[in-house]
Amino acid sequence: MTEPTGTARRPRRPGFALVGALLLTLPGILLRLTGAHPVHWLAALGFGLAIVGAAFLLGWAAEVVQLDISAGLALALLALIAVLPEYAVDFVFTSKAGTNPKEFAPLALANMTGANQLLIGVGWSLVVLLAAYRIRTTGVGAGAAEDATAPASTNTDVELARTHAVEIAFLAAATAYGLTLPLRRTITLFDAAVLVTIFVVYLIRIAKAPAEEHELVGCAAMIGGLPVRRRRLAVAVLFVVAAGIILLCAEHFAESLVATGEEFGISTFLLVKWLAPLASEAPELLIAGMFAWRLNTNAGLGALVSSKVNQWTLLVGTLPIVFAIASSSMHGLPLDTLQREELFVTAAQSAFAVAILASRSISVREAKILLSLFIVQFVATGALPEAARGPARVLTGITYLVLAATQLVAERRAVPALMRDGLRTPYAELVAGEVS
């Protein structure tokens, strides 16, 4: 078999990052194997670090596996891998809600909404702002990583390739449906069927993309540079070890977060919403930031947009299924007022983000708006009195929707072409359009 195409930039200190990720997993593994019961916050820290380390291992393995399997299978596998850390924690709360809905149902969507809001508010903004800083300090335009002959430029807008219209179009479809969820009392199996179907159709569509040469960096480059058999063995070991660590630690991490909140009088919902996603999203955000720093903004932002599609379809869609299995019923996952407010903010933020991407680009100004609204929401929901947090969430969601409507009006001529490219235009034509 011929060696798959792909390029890899070897890290200056090969193996250091891999050893560091493995060391991060040790506290959680030792807590599980020894049966030790430290104070709750220390247990949460140990298990959380283990999930961070495992997420790094998964990310590197996912990058390298693209060298050895078909494009369609790689996309399906990568989609499942991308949501595994978030799903593991949400699975715990959702399954517990099946037998104790009063205590755990309010937490079932906390990690999902936090991860989605963090991904756009921080992740997308991070790519744009880092790239803008690099462009201003180096004078090299975005896209220099893809094209070594790219001329000097002061344009700081981050533009996505035409092929990324597919992700944007399906994110738009998922967001449109997601805006109806806050109006419900439950997320039903019908909702699960709709969202999972969107995800499956998305995979079928994107699997038709032509094979691309994958550029590996950092630890992934070190693994990708191994001989074929050793590389495949290393990838398989990383997958098994990382998945095992996540499954080993996820439930105890979730339980420790709840216990920590109760012990210190901190809102358990806020702990689950913000701390759990930090553990699972940190590697993905770091990798996207590295791409942005190297001015490979198409890869950095494109990966985060794809991850958003996966989370907003597959992750949300599978939760009612987990609840139905755990509760041995056909009832939907119950939503209280807090969850409906969070779903509203999450869907509204997604609507604004999609509206921005109608032009397949994000400016520094738009990135600052996304980041600013996220910071305001983050501070308000933690600092305001409990009675004022609900109105603050609703106001934030309305702000997102108003901005989304304004942006869509401004980009109204670009929307039909974007949706046509994303849903119907053959990939060959999309790629040819980029070349021309």
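Lys-273 and Glu-342: are they buried or exposed? Both are buried: Lys-273 is, and so is Glu-342. Keep in mind that this is a predicted model.

Let's stay with that pair. Lys-273 and Glu-342 form a salt bridge. Their closest N and O atoms are 2.7 Å apart. Lys-273 lies in helix α10, and Glu-342 lies in helix α12, residues 337-356. So the bridge ties together parts that are 69 residues apart in sequence. The pair also belongs to a network of salt bridges. Its members are Lys-273, Glu-341, Glu-342 and Arg-393.

What is its place in the aromatic picture? The structure holds eight aromatic pairs. Take Trp-274 with Phe-378. Their ring centres are 5.2 Å apart and their planes stand at 70°. Angles over 60 degrees count as edge-to-face, so this pair is edge-to-face. Trp-274 sits in helix α10, residues 268-293, while Phe-378 sits in helix α13, residues 364-383. The pair therefore ties together parts that are 104 residues apart in sequence.

The two partners differ in cover. Trp-274 is buried, at 9% relative accessible area. Phe-378 is partly exposed, at 41%. A cluster is built here too: Trp-274, Phe-374 and Phe-378 form one aromatic cluster.

Back to salt bridges. How many are there by this rule? The count comes to nine. One of them joins Lys-96 and Glu-255, with the closest N and O atoms 3.2 Å apart. Lys-96 is in helix α3, residues 71-99. Glu-255 is in helix α9, residues 228-264. That links distant parts of the chain, 159 residues apart. Glu-255 is partly exposed, with a relative accessible area of 34%.

Lys-96 has a second contact. It lies over the face of Phe-104, at 5.7 Å from the ring centre. There is another case of a charge over a ring. The charged end of Arg-134 sits over the ring of Trp-293, 4.6 Å from its centre.

One more salt bridge. The side chains of Glu-429 and Arg-162 meet at 4.0 Å, N to O. Glu-429 is in helix α16, residues 427-435. Arg-162 is in the loop between β2, residues 158-159, and α6. This pair links parts of the chain 267 residues apart. Glu-429 is partly exposed, at 43% relative accessibility.

How many of its 14 residues are buried? Twelve are, and α6 is mostly covered. Among the buried ones are Glu-167, Phe-170, Thr-175 and Tyr-177.

Last, the surface. Which residues make the nonpolar patch of about 550 Å²? They are Val-39, Trp-41, Leu-42, Leu-45, Phe-264 and Ile-266. Helix α2, residues 40-65, gives the largest share, three residues. Val-39 is found in the loop between α1, residues 16-34, and α2. It counts as partly exposed, at 43% relative accessibility.

To close, two things to look for on the screen. Find the buried pair, Lys-273 and Glu-342. Then find the aromatic cluster of Trp-274, Phe-374 and Phe-378.

Definitions and conventions
Residues are numbered from 1 along each chain as its sequence is written. This is a predicted model: local features need pLDDT of at least 70, side-chain atom pairs count only at pLDDT 80 or more; totals for chains, interfaces and linings use all residues. Side-chain values use heavy atoms; hydrogens and water are left out. Buried means under 20% relative accessible area, exposed over 50%, partly exposed in between (1.4 Å probe, protein chains only). Helices (H or I, at least four residues) and strands (E, at least two) are DSSP runs, numbered from the N terminus. Rings of Phe, Tyr and Trp (its six-membered ring) pair if their centres lie within 6.5 Å; planes under 30 degrees apart count as stacked, over 60 as edge-to-face and the rest as tilted. A charge sits over a ring if NZ of Lys or CZ of Arg is within 6 Å of the ring centre and within 35 degrees of the ring normal. Patches are made of residues with over 30% relative accessible area and no salt bridge: like charges are joined within 9 Å, nonpolar side chains (Val, Leu, Ile, Met, Phe, Trp, Tyr) within 5 Å. Accessible areas come from the Shrake-Rupley method with a 1.4 Å probe; for residues, only the protein chains shown count as cover.
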